[in-house]
Amino acid sequence: MIDRPRLLIVDDEPQIQRFLRHALSAAGYEVVLAGDGATALQLAAARPPDLMVLDLGLPDRDGKTIIGELRQHSAVPIIVLSARDQEAEKIAALDLGANDFVAKPFAVGELLARIRAALRIQRGDASRSDRFTLGDVAIDVAAHRVEMRGAAVKLTPKEFELLVLLARHPGRVLTHRQILEKVWGPAHVGDTPYLRVFIGQLRQKIEANPAEPRLILTEPGVGYRATDKV
Amino acid sequence: MTATPQAAPPALRRIGWRAAPRPAGIAAAVLLVGAAVAVCASLGSILPPASLSLLFLVVVLIAAVGFGFWTGLVAATLAFLAFNFFFVDPVLTFRVGRAEDVVALAVFVLVAGLTGLLAGRLREEADAARERASMLERLSALVSELGTAADVGAIEAAVARHLARIAGASAVILRPRGDRLEIVAAAPGPVELVAADRQAAERAWRRGAAERAAAAGWDGSAFTFRPIVADGHVVAVSGVGRPPPGRHAPRDRERAVAAVLGQAQVAIEGASAAEQAAAARAAAEREALRAALLSSLSHDLRTPLATILGAVTSLRELADTLPAEARADLLAAIEEEAARLSRYVTNLLHMTRLQAGLEPSLDWVDPADVAHGAVERARRSFPERSIALAAVDPLPLLRSDAALLDQVLFNLVENAVKFSSADAPVEVAVTASGDGVRFSVTDAGPGIADAERARIFDAFVRGADAGAPGTGLGLAICRGIVRTLGGAIDVVSPVAAGRGSTFRVDLPPGRRAAP
């Protein structure tokens with residue numbers, strides 16, 4: 001009997017807790033609620049959850065500091081609930097180690113999709129293997145080969161790295177900074193326009209319709225996300 | 001008639017030994033010397049000759065001390081001549097017979113001259129000192145008046161008054177309005193400026209230099225206009241009239257006027273700096289309020305919306321797996337949050353309209369009716385709470401805005417509900433107070449500390465118990481509306497046994513006319 005994944009929900013608004021409890025239970029998760037940062041950390045230490053949903057606007061401390069503290073000793077996936085107009089907060093949280101975000105107000109389906117993607121990555125479905133797919137695209141990391149419906153796709157070394165990075169984390173958002181750092185190195189973390197050009201070129205090569213990308217999705221103002229819809 | 005060139009102003013009397021001799025002084029000198037001659041003639045047989053000259057010296061002294069330097073000198077000369085003529089051999093001539101008499105006369109002239117000179121100077125200096133003291137007194141009065149002046153208008157009025165008093169004539173202050181100069185202050189009474197005056201004023205303003213009045217009888221301006229400079233540019237022009245003919249012009253008018261204008265400049269600069277500081281403070285407060293409003297909007301609108309959207313999508317997507325009671329709870333949550341959102345939007349609307357200066361729509365309002373409506377609305381919003389209403393007849397009708405009044409009472413009850421425990425009752429009372437009405441809302445909560453009571457009606461201030469959810473706008477709106485309706489709102493806390501608060505709204509029977 002597989003245990004239901006344990007979710008730790010951290011939000012100070014009782015109404016938000018109310019509907020999340022119902023929705024996440026109905027979706028098959030075990031739900032634990034915390035109303036402030038201190039309680040959240042206590043509960044996380046006592047029994048580590050499989051995933052944490054964290055609201056950034058907590059009454060006792062800034063949500064980002066929770067992420068920082070947690071990341072020192074835990075790789076538990078964290079999804080942050082952010083305000084739609086707080087771009088900087090969102091990006092900062094992701095750079096500090098949050099895995100993904102959902103902007104309030106949200107449809108519950110969006111949150112569930114993010115949770116599913118985060119748990120899947122955690123289980124290591126894609127990130128450890130050397131051969132995996134992204135939609136129609138088949139990637140062989142060791143052989144350095146990318147195929148689309150049988151035909152080989154010619155990618156430059158950087159485009160290849162970019163594709164592999166995104167495809168290894170299907171459904172998860174990666175910030176501009178994270179992508180630039182991993183693919184081009186720490187010195188280039190500010191070169192967002194550069195990244196945009198490369199993403200454009202990649203889309204030209206692997207997207208059925210580059211103008212309406214289905215495989216590599218833009219997260220406006222934040223970064224990019226590879227689809228997790230197969 | 002052609003414009004005549006500006007003539008020099010009438011000669012000013014100057015203080016000191018350069019002042020011209022006064023006719024009264026000359027007459028007095030002649031009289032005194034004549035008296036001395038008479039006395040000496042009658043007593044000449046009894047007194048020795050030496051003392052005769054001393055008598056003349058006394059006369060010179062009196063003349064000098066009484067009338068000044070030149071009078072003293074004139075008296076000395078007359079005394080010498082008289083003494084020589086009448087009492088030195090040979091008498092009745094100006095010749096001097098004996099050699100020693102020459103010496104005596106020479107000494108006499110010297111002493112007389114010095115006496116006249118010194119005594120005269122003394123007299124002049126004493127006059128000058130008195131004049132200076134009086135001017136200092138006037139300046140000090142001006143300075144203290146300027147120091148307490150509430151605004152630039154008061155400063156201008158004070159300056160005009162003092163200029164008029166010092167100059168002994170009319171004084172005006174002009175300020176540029178658009179491209180013309182307009183009178184903003186005049187003393188002692190209203191002043192009429194003719195075309196020539198206005199032209200001179202404008203010249204003074206444009207050139208930034210004094211334009212002197214034409215001499216009496218000449219064409220031209222009747223006022224001397226001087227620019228008042230503040231912060232490096234000309235902000236106003238002062239005009240001082242000629243004293244009417246026959247009036248004796250006070251001495252040192254120029255210096256006094258300059259001193260007054262100097263003080264005026266300092267005061268005006270100070271006032272404008274104060275005005276700028278006040279405007280900056282007001283702007284900063286508005287900015288802070290706007291920022292708080294935006295942040296409140298962002299958070300307090302978003303949370304109910306998030307609940308509603310989340311609950312609705314849960315119901316739609318997870319319909320199969322949601323147990324019945326979860327479904328019911330989600331539906332209740334949607335309803336509650338939608339109501340909360342609606343109340344919040346209403347409060348926001350009121351706040352915005354208040355800031356824009358809302359005009360209430362006045363009609364005859366039954367206070368008991370309004371209270372009843374508000375209490376019923378509150379009972380529907382907070383069904384688990386006990387909210388009691390006591391209206392004491394007879395109650396006068398109020399000329400007021402029923403919808404706004406309803407909002408005030410509802411906000412007060414909501415506040416009472418929020419800040420007291422679930423079993424604590426809330427009491428609303430309506431009583432006649434004076435010829436108006438008092439509404440009071442009492443709760444049995446923890447009460448409000450002294451320090452907070454002052455700020456509690458400010459926007460976005462929440463009580464120490466910040467755990468209670470709320471926007472912090474409710475009481476601010478109450479105050480804004482009550483003020484607009486011409487009433488007053490305050491809070492009394494604690495009420496009984498160290499707990500509880502009573503919010504009181506006093507309304508007059510009719511709205512007082514807006515200022």
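This passage describes the interface between chain B and chain A of a predicted model, and then a loop residue and a strand of chain A.

Because the model is predicted, local features are given only at pLDDT of at least 70 and side-chain atom pairs only at pLDDT 80 or more, whereas totals for chains, interfaces and linings use all residues. Residues are numbered from 1 along each chain as its sequence is written, chains are lettered from A in the order in which they are written, and side-chain values use heavy atoms, with hydrogens and water left out.

At the interface, 24 residues of chain B are in contact with 19 residues of chain A, contact meaning heavy atoms within 4.5 Å. The two chains bury about 1800 Å² between them, 62% of it on carbon and sulfur atoms; this buried area is the accessible area (1.4 Å probe) that two parts lose on being put together, summed over both. Across the interface of chain B and chain A the rule finds 3 salt bridges, each requiring a side-chain nitrogen of Lys or Arg within 4 Å of a carboxyl oxygen of Asp or Glu. One of them links B:Arg340 with A:Glu13, whose closest N and O atoms are 3.9 Å apart. The elements that give two or more residues to the side of chain B that touches chain A are α7 (253–317) and α8 (324–355) of chain B, where helices are DSSP runs of H or I with at least four residues, strands are runs of E with at least two, and both are numbered from the N terminus. Of these elements, α7(B) gives the most, with 13 residues.

Within chain A, A:Leu215 lies in the loop between α8 (192–206) and β11 (216–219). A:Leu215 is buried, with a relative accessible area of 11%, the term buried meaning under 20% relative accessible area, with a 1.4 Å probe and protein chains only. When residues up to four places away in sequence are not counted, A:Leu215 touches several residues, among them A:Leu134, A:Val137, A:Ile206 and A:Arg225.

Strand β4 (residues 78–83) of chain A is mostly covered, since 6 of its 6 residues are buried. In a regular strand the side chains alternate between the two faces of the sheet. In β4(A), A:Ile78, A:Val80 and A:Ser82 point one way and A:Ile79, A:Leu81 and A:Ala83 the other way. Strand β3 (residues 51–55) of chain A runs parallel to β4(A) and is joined to it by 4 bridges, and A:Val53 stands opposite A:Ile79 in β4(A).

Methods: Buried < 20%, exposed > 50% of the residue type's maximum accessible area, 1.4 Å probe, protein only. Pairing = 2+ DSSP bridges.
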